[in-house]
Amino acid sequence: LQSLSHGRDVAIPGISKLENFRKGETVAVMTLKEELVAIGEATMSGVEINTQQKGIAIKVKKVFIGPIL
């Protein structure tokens, strides 16, 4: 969450749960408590994320939480 609060893209190992979406769609990045953290563009589909071990899944466009130190 700290690196995400500074605008870092979301990698597959950082994803705990997801809903199905397509590559290129705008997606919300949420905490497990359902709090909005950021929005971004999916660089791969939900299916691809579930079948791969690593890689950038979401390119962050806008962060909604302040920087965490």
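No aromatic pairs turn up here: the count comes to zero, where rings of Phe, Tyr and Trp (its six-membered ring) pair if their centres lie within 6.5 Å, with planes under 30 degrees apart called stacked, over 60 edge-to-face and the rest tilted. The structure is a predicted model, in which local features need pLDDT of at least 70 and side-chain atom pairs count only at pLDDT 80 or more, while totals for chains, interfaces and linings use all residues. Residues are numbered from 1 along each chain as its sequence is written, and side-chain values use heavy atoms, with hydrogens and water left out.

**Charge and ring**

- A ring does take part in another kind of contact: the charged end of lysine 62 sits over the ring of phenylalanine 64, 5.7 Å from its centre.
- Such a contact requires NZ of Lys or CZ of Arg within 6 Å of the ring centre and within 35 degrees of the ring normal.

**Salt bridges**

- The count of salt bridges is two, a salt bridge being a side-chain nitrogen of Lys or Arg within 4 Å of a carboxyl oxygen of Asp or Glu.
- One of them joins the side chains of glutamate 34 and lysine 17, at 3.8 Å from N to O.
- This pair links distant parts of the chain, 17 residues apart: glutamate 34 is in the loop between strand 2 and strand 3 (36–42), and lysine 17 is in the loop between strand 1 and strand 2.
- Helices (H or I, at least four residues) and strands (E, at least two) are DSSP runs, numbered from the N terminus.
- Glutamate 34 and lysine 17 are both exposed; exposed means over 50% relative accessible area, buried under 20%, and partly exposed in between (1.4 Å probe, protein chains only).
- Glutamate 34 also has a positive phi of about 70°, although it is not a glycine.
- A salt bridge also forms between lysine 61 and glutamate 41, whose closest N and O atoms are 3.9 Å apart.
- Lysine 61 counts as exposed because its relative accessibility is 52%, whereas glutamate 41, at 35%, counts as partly exposed.

**Residues far apart in sequence**

- Aspartate 9 sits in the loop between helix 1 and strand 1, and its C-alpha is 5.9 Å from that of isoleucine 58, 49 residues away in sequence.
- Aspartate 9 has 27% relative accessibility, so it counts as partly exposed.
- Glutamine 53, in the loop between helix 2 (46–51) and strand 4, is 40 residues from proline 13 in sequence but 7.0 Å from it in space, C-alpha to C-alpha.
- With 69% relative accessibility, glutamine 53 counts as exposed.
- Valine 63 is partly exposed because its relative accessibility is 23%.
- Isoleucine 15 is placed in the loop between strand 1 and strand 2; isoleucine 15 and alanine 57 are 42 residues apart in sequence and 8.8 Å apart from C-alpha to C-alpha.
- A relative accessible area of 24% makes isoleucine 15 partly exposed.

**The largest pocket**

- The largest pocket holds about 770 Å³ of space.
- Of the 24 residues that line the largest pocket, the closest to its centre are Ile15, Lys17, Ala28, Val29 and Met30.
- On a 1 Å grid over the protein atoms alone, a pocket is an open set of points with protein on both sides within 12 Å along at least five of seven lines, and lining residues have an atom within 4 Å of a point.
- Grid points are joined across faces, edges and corners, and a volume is the space filled by probe spheres set on the points.
- Helix 1 (2–5), strand 1 (10–11) and strand 2 (26–30) each supply at least two lining residues, and strand 2 gives the most, with four.
- By class, the lining has 14 nonpolar, five polar and five charged residues.
- Here Ala, Val, Leu, Ile, Met, Phe, Trp, Tyr, Cys and Pro count as nonpolar, Asp, Glu, Lys and Arg as charged, and the others, Gly among them, as polar.

Definitions and conventions:
1 Å grid on protein atoms, 1.4 Å probe; cavity = no way out; pocket = protein on both sides within 12 Å on 5 of 7 lines; lining within 4 Å.
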